[in-house]
Amino acid sequence: MSKKIIFFDVDGTLVDVRPVKECIPESTIQAVHETRKKGNLCYLCTGRSLAEIYPYILDVGFDGIIGAGGGFVQMGDEMLYHKKVSDEDVHRVVDFFETNHYDYYLESNGGLFASKNLIKRLESIIYGDLENDPEARRKKEEEPSHFITALIENENMYRNDVNKICFLEHESIPFDEIRKQFSDAFQVIECTVPAFGDASGELSVAGVNKHTAIEALINHLGIDQKDTYAYGDGMNDAEMLTFVAHGVAVGNAKEGLKAIADEVCDDIANDGIYKNNRVDKKQC
């Protein structure tokens, strides 16, 4: 039987981001372990950069990472390629966001760099009213967010190592305005974390996506497209699910993704990935 390669989106697919503290279902971990024991390859295929692929995710055990929405491909410790935002475009976005008082952060493989008021806003979203609610303070102390603790403040935002730029919803500027401003140089997509707001999103290098990264990787590894599988939940997974031979939308996925997937499994909180026959003992 030929070796198969399975790609897992992270937020909302591998990792359940709906609880206060994100987590990976134990059944999903078991599914990854079982298919790798059969000699198959498992890769993360995520919008996250290395700085937010935390140890608890890597400890599951993967053969490599497609990160930054296809901006880099890493096989074990070897980097197949890495495409970054140009210095000019970083300056342009930072200037716009600062002028318009956006809460945003820059993603690089060396860190997540937060704008001035971002952490305060995220703490309110994730924990609650820290000043007046004891339960919110307890959550921050006992269940700290991996994401918030990883953010770095008070750094120069004119950086030369940026993979992507992510922004939270602005109360008076619609998402389409960001698309209009930056679609000439960036791929502009909606964020997959609901708590960040419907008009939140991310800017990544134009022409870079999960499809192009997967294609480059399997060509390098010599794996046939018919042996490719992928799981996703958001519309930023659309190119991935339509390119691979077996594209699966998890049960908690966006309806638009379910419509184009080859099949739909159960919600990840209900062991959807494990129960799906693409990674359990029946197939892989």
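**Ground rules**

I am working with a predicted model, in which local features need pLDDT of at least 70 and side-chain atom pairs count only at pLDDT 80 or more, while totals for chains, interfaces and linings use all residues. I count residues from 1 along each chain as its sequence is written, and side-chain values use heavy atoms, with hydrogens and water left out.

**The largest pocket**

I began with the largest pocket and found a volume of about 570 Å³. Its lining has 32 residues, and D11, V17, E22, V193 and F196 are the closest to the centre. I noted how a pocket is defined: on a 1 Å grid over the protein atoms alone, it is an open set of points where a 1.4 Å probe fits, with protein on both sides within 12 Å along at least five of seven lines, and lining residues have an atom within 4 Å of a point. Grid points are joined across faces, edges and corners, and the volume is the space filled by probe spheres set on the points.

Which elements supply at least two residues each of this lining? I listed strand 6 (104–108), helix 4 (118–126), helix 6 (146–150), strand 9 (164–167) and strand 11 (201–205). Strand 9 gives the largest share, three residues. Helices (H or I, at least four residues) and strands (E, at least two) are DSSP runs, numbered from the N terminus.

I also sorted the lining by class and got 15 nonpolar, seven polar and 10 charged residues. Here Ala, Val, Leu, Ile, Met, Phe, Trp, Tyr, Cys and Pro count as nonpolar, Asp, Glu, Lys and Arg as charged, and the others, Gly among them, as polar.

**Aromatic rings**

Next I looked up ring pairs, and the structure holds 16 aromatic pairs. One of them joins F147 and F196, a tilted pair at 6.0 Å centre to centre with 40° between the planes. F147 is in helix 6 and F196 is in the loop between strand 10 (186–190) and strand 11, so this pair ties together parts 49 residues apart in sequence. Rings of Phe, Tyr and Trp (its six-membered ring) pair if their centres lie within 6.5 Å, and planes under 30 degrees apart count as stacked, over 60 as edge-to-face and the rest as tilted.

Buried means under 20%, exposed over 50% and partly exposed in between (1.4 Å probe, protein chains only).

I then traced a cluster in which ring pairs link F96, F97, Y102, Y104, F167, F175, F182 and F186. From this cluster I picked F167, which lies in strand 9 and is buried at 1% relative accessibility. Leaving aside neighbours within four places in sequence, F167 is in contact (heavy atoms within 4.5 Å) with residues including F97, Y102, Y104, F175 and L203.

Two charges sit over rings as well. K83 lies over the face of Y81, 4.9 Å from the ring centre, and R159 lies over the face of F113 at 3.6 Å. The test is NZ of Lys or CZ of Arg within 6 Å of the ring centre and within 35 degrees of the ring normal.

**Positive phi**

Most residues other than glycine have a negative phi. N154 has a positive phi of about 60° although it is not a glycine. N154 is in the loop between strand 8 (151–152) and strand 9, and it is exposed at 78%. D271 has a positive phi too, near 65°. I found D271 in the loop between strand 14 (263–264) and helix 11 (272–275), partly exposed at 34%.

**Two more residues**

H211 is in helix 8 (residues 210–221) and is partly exposed at 26%. What does H211 touch, not counting residues up to four places away in sequence? I found E239, M240 and F243. H211 and E239 are 28 residues apart in sequence, yet 5.2 Å apart in space, C-alpha to C-alpha.

Beyond its neighbours within four places in sequence, E169 is in contact with R121, F196, G197, D198, A199 and S200.
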